[in-house]
Amino acid sequence: MKRNIIINEENYLKLYYDIPFEGSTSAGKPLRRLRNITCPYRGIKIIPGTALKPFERGLLNCKCAQDGVALLSDYADNLLPTEKSIYAILCDFSKLNPNDNIQNCLQMLYTNSLTRLKLEEFCVLDEVDNLSCKLSPSTALKLREKTTQCRQLILSDNKKDSFKRKAFLSSLDEISPKDNEKEIIGDIKNKALFLPTSGSSKNAFIVKYASRTQTETIRRLFIASTGSIEHIVPQSMGGLNTIGNFLWTTASGNRFRENMPLPWYIKRFPKIPNYAQLYIDDVISEIHNGKLEGNETYPYKVKQKLLSASEGRILISLAGYMYSEEEAAQKEKEFHYRWEKYKK
């Protein structure tokens, strides 16, 4: 018998976004208890972990489009742009077809969305090819071979041999540029990251989820805005697993960055410096309300880490913080003293 499985907080993100919730990010547990926090990458309010179980219980009762839209309505303001556009489509569909299934809606849109998705992919590949003009002829030819192969796959109707965004991004690492071409190749890789995904394109979302169940689609719309611990400096670049190197971001913001250097990510999302200020303002508000006890120096640590990792592009203000750096350090010292005394 097929059973519905309630996804708990520990494996929720790992299952759907391959983002670890424990282990290397366990030092970030205090951040998970924060509420009403703006995502420093995407600018929306993060859905807290406490919402996961109630959402899953509601999801079990979703039988039709109307039920799914009603469940998501409580989180409409938290949805990211692409997810919000899909939600709007589903709202219109459920009004006309309240007892129908969400998948029927996506399947009706599939053919047109697939055509538009292919055009979106071609536009990015065109921009990649334009940048190849800055390379030497031999390096440019290697790049053109890869983009040509991608175009052939996109136009092909062979589902067993379809275009895979990740495969193309990985293939760029096979190109060995000359020393004076490394920066150009870096720009090309950054441009290739704009290839549409289900998180950046409503057409890509429809194409991907038209074959999924209603439950999967509703869950996917929700999960992109749930909280996830993010390394400011990725582990692959020597980043430490300490709270001073962690941000509390949306799962989508975390996933899209991958191991991308922060300056590159800012090129993709230019509003990140503004969002980072909103994030730290929200964190400070939580600290003033008695949250994040024992980590009062966190705003100072994050300010310095973001400034360094972004190469000066993110300069946040702590003017609204009630504690000086010395006072924050003293608060932490007092907390840990009380905690050690309590444990004894």
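Guide: Axes are lines fitted to C-alpha atoms, for helices over the stretch in contact, and angles run from 0 to 180 degrees between N-to-C directions. Keep in mind that this is a predicted model.

Visitor: How are helix 14 and helix 15 placed relative to each other, by angle and axes?

Guide: Helix 14 covers residues 272–288 and helix 15 covers residues 298–309. They pack at an angle of about 165 degrees, and their axes are 10 Å apart.

Visitor: Why is helix 14 called roughly antiparallel to helix 15?

Guide: Angles over 145 degrees count as roughly antiparallel. The angle here is about 165 degrees, so helix 14 is roughly antiparallel to helix 15. Their crossing is right-handed.

Visitor: Which residues of helix 14 and helix 15 meet?

Guide: From helix 14 come Ala276, Tyr279, Ile280, Val283, Ile284 and Ile287. From helix 15 come Tyr298, Pro299, Val302 and Leu306. By class, this contact has ten nonpolar residues, no polar and no charged.

Visitor: What makes helix 3 roughly antiparallel to helix 11?

Guide: Helix 3 and helix 11, residues 214–223, pack at an angle of about 155 degrees with axes 11 Å apart. The cut-off is again 145 degrees, and therefore helix 3 is roughly antiparallel to helix 11. Helix 3 also passes helix 11 in a right-handed crossing. Leu52, Phe55, Glu56 and Leu59 of helix 3 touch Thr215, Ile218, Arg219 and Phe222 of helix 11. This contact divides into five nonpolar, one polar and two charged residues.

Visitor: How do you know that the count of disulfides is zero?

Guide: A disulfide needs a pair of cysteine sulfur atoms within 2.5 Å, and by this rule the count is zero. Take Cys64: the closest cysteine sulfur, in Cys62, is 8.1 Å from its own, so the two are too far apart for a bond. Cys123 is in no disulfide either, as the nearest cysteine sulfur, that of Cys150, is 15 Å away.

Visitor: Why is Asn295 called buried?

Guide: Asn295 has a relative accessibility of 16%, and the limit for buried is under 20%, so Asn295 counts as buried. Asn295 sits in the loop between helix 14 and helix 15. Leaving aside neighbours within four places in sequence, Asn295 is in contact with Pro30, Ile243 and Glu332.

Visitor: What makes Asn36 and Glu311 exposed?

Guide: Exposed means over 50%. Asn36 is at 53%, so Asn36 counts as exposed. Glu311 is at 59%, and therefore Glu311 is exposed. Asn36 has a positive phi of about 55 degrees although it is not a glycine, and for Glu311, also not a glycine, phi is positive at about 55 degrees. Asn36 is in the loop between helix 2 (29–32) and helix 3 (52–60), while Glu311 is in the loop between helix 15 and helix 16 (325–343).

Visitor: Where is Glu174, and why is Glu174 called exposed?

Guide: Glu174 lies in the loop between helix 8 (165–171) and helix 9 (182–192). Its relative accessible area is 57%, over the 50% limit, so Glu174 is exposed. From C-alpha to C-alpha, Glu174 and Trp339 are 52 Å apart in space, and they are 165 residues apart in sequence.

How values were computed. Residues numbered from 1 in each chain as written. Predicted model: local features only at pLDDT ≥ 70, side-chain atom pairs only at ≥ 80, totals over all residues. Heavy atoms only, no water. Helix = DSSP H or I, 4+ residues; strand = E, 2+ residues; numbered from the N terminus. Parallel < 35°, antiparallel > 145°, perpendicular 65-115°, else oblique. Left-handed = near helix turned anticlockwise from the far one by under 90°. Contact = heavy atoms within 4.5 Å. Nonpolar A, V, L, I, M, F, W, Y, C, P; charged D, E, K, R; others polar. Buried < 20%, exposed > 50% of the residue type's maximum accessible area, 1.4 Å probe, protein only.
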